[in-house]
Amino acid sequence: MPRPDSGNALVFKPTRACPARCDFCCDPLETSHERLHRAEMLDMVEQIAKALPGLIGTVGFTGGEPFLLFDDVLAVLERAAVHGMTGAVVSSSHWAHDADTAQQRLSALAAVGLRRYSTSCDHEHLRFVPLERIRYAVSAALELDLFVTVTGTFSQPGEQVAALLGTDLAEQVLCEDKLIAPFGRATGQMATVRHYGLEADLAQWGCYRRLGHDILVQPNGDVLPCCSTNNTINPLVFGNVRQGDDLAAIVRAITGSFLLRVLKFESFALLRELVERHVPKLVWPDPALASGPCGYCAEVFSDPHRTAVILDALVCEQPAYMRQLAIKAGLPEETLFALANH
């Protein structure tokens, strides 16, 4: 089953609260009172729809547990649908006490544009959410013809979601098997490429979202270009809507970022090559001591000085890189000049 990975998504993390306490959670701040309010999220949807029509195709929710604020999710997806945006939700499925409840709640969301439902199924999640609830939610989502992703985060290579979820459902959904990344509650755990016995290949490592961006709005108003491992430590925050930064301007900066373009369409190997032309002695983290591409990204940009050096080097490299792309695409000379001097 192919992943619908194209296009940009505006993702709200309305709360850090969660009914689970998984030992690998990258954001273990369940007791935090920070939250995005319904009026704020509705306003952000309106801002994007008016300022950047067509740029955002999906409005999503992650957490924490967004179903703790179900009425807010429903209202925001309803508003997004008015502007032609579809919906996506990531949930633990803790709320699906029975088949009827699962059907009722997901039907309500599907009626206002929900198209993707994502949940988790692994040893840690099952300590807090009974398997039957996950199966109720997944079954209801499939009956509603939603695209379903079930993710498992494991401590050892080879462990699989399908073995826990059941092959009857696993064959109908996209199963993602991931390994623990040592951030948040998992800090200090033996969770590295070397520990897992895997290969660290920077030429193959890039952003997990190769097409489009998951533009994440945190409960405190920070806006980041992704919602993966580094959503709690990455200093590449593009702005904060609570501090008065314009969301449309932030989204333009993210979608136009040369750094993100390199990481999404190229690799960390090319990033290092471009930077080392200007700063050959820059110290980079050992990829074998990272947990994978997202973990390596977090390690690289956890150092503010290194981040600044990388961004300065990319400013110098962008014109030549864009000119090469234009030549390959057969663009006219005036376009090449404009790109080279952008």
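**Entry 1: H2 and H3**

I looked up which residues hold H2 against H3, and found that Phe70, Val73, Leu74 and Leu77 in H2 meet Arg105, Ala108 and Leu109 in H3, where contact means heavy atoms within 4.5 Å. By class, this contact of H2 with H3 has 6 nonpolar, no polar and 1 charged residues; Ala, Val, Leu, Ile, Met, Phe, Trp, Tyr, Cys and Pro count as nonpolar, Asp, Glu, Lys and Arg as charged, and the others, Gly among them, as polar. I noted that the model is a predicted one, in which local features need pLDDT of at least 70 and side-chain atom pairs count only at pLDDT 80 or more, while totals for chains, interfaces and linings use all residues. Residues are numbered from 1 along each chain as its sequence is written, and side-chain values use heavy atoms, with hydrogens and water left out.

The helix and strand names stand for DSSP runs numbered from the N terminus, helices (H or I) having at least four residues and strands (E) at least two. Then I looked up the geometry: the axes of H2 and H3 come within 9 Å and cross at roughly 25 degrees, the axes being lines fitted to C-alpha atoms, for helices over the stretch in contact, with angles from 0 to 180 degrees between N-to-C directions. That makes H2 roughly parallel to H3, since angles under 35 degrees count as roughly parallel, over 145 as roughly antiparallel, 65 to 115 as roughly perpendicular and the rest as oblique.

**Entry 2: H1 and its two partners**

I next followed H1 (residues 38–51), whose axis comes within 10 Å of that of H2 (residues 70–82) and crosses it at roughly 15 degrees. That makes H1 roughly parallel to H2. H1 passes H2 in a right-handed crossing; a crossing is right-handed if the near helix is turned clockwise from the far one by less than a right angle, and left-handed if anticlockwise. On the H1 side I listed Arg38, Met41, Leu42, Val45 and Glu46, which meet Asp71, Asp72, Ala75, Val76, Arg79 and Ala80 in H2. The residues of this contact divide into 6 nonpolar, no polar and 5 charged.

The other partner I looked up was H8 (residues 247–255), which packs with H1 at an angle of about 65 degrees, the axes being 9 Å apart. The crossing of H1 and H8 is right-handed. Here Met44, Gln47, Ile48 and Ala51 of H1 are in contact with Leu247, Ala248, Val251 and Arg252 of H8, and these residues divide into 6 nonpolar, 1 polar and 1 charged.

**Entry 3: the cores**

Which residues have the most contacts inside the largest nonpolar core? I found Phe12, Val59, Phe61, Leu77, Leu106, Leu109 and Leu165, in a core of 55 residues. A nonpolar core is a set of buried Ala, Val, Leu, Ile, Met, Phe, Trp, Tyr and Cys residues joined through side-chain atoms within 4.5 Å, and buried means under 20% relative accessible area, exposed over 50%, and partly exposed in between (1.4 Å probe, protein chains only). H1 gives the most to this core, with 6 residues. Not counting residues up to four places away in sequence, Phe12 touches, among others, Met41, Met44 and Val45, as well as Val59, Phe61 and Val76. A second, separate core of 26 residues includes Cys207, Leu236, Leu259 and Val262.

**Entry 4: loops and backbone**

In the loop between strand E2 (56–61) and H2 I looked up Gly64, which a cis peptide bond joins to Gly63, with omega about 10 degrees.

I then checked Ser93, in the loop between strand E3 (86–90) and H3, where phi is near 70 degrees, a positive value in a residue other than glycine. Asp145, in the loop between helix H4 (131–143) and strand E5 (147–154), also has a positive phi, near 65 degrees. Is each of them buried or exposed? Ser93 is buried, with a relative accessible area of 0%, whereas Asp145 is exposed, with 69%.

**Entry 5: two single residues**

Gln103 sits in H3 (residues 99–110) and counts as partly exposed at 23% relative accessibility. Leaving aside neighbours within four places in sequence, Gln103 is in contact with Ala140, Glu143 and Leu144.

Ala170, in helix H6 (residues 167–170), counts as buried at 13% relative accessibility. Leaving aside neighbours within four places in sequence, Ala170 is in contact with Ala162, Leu165 and Cys175.
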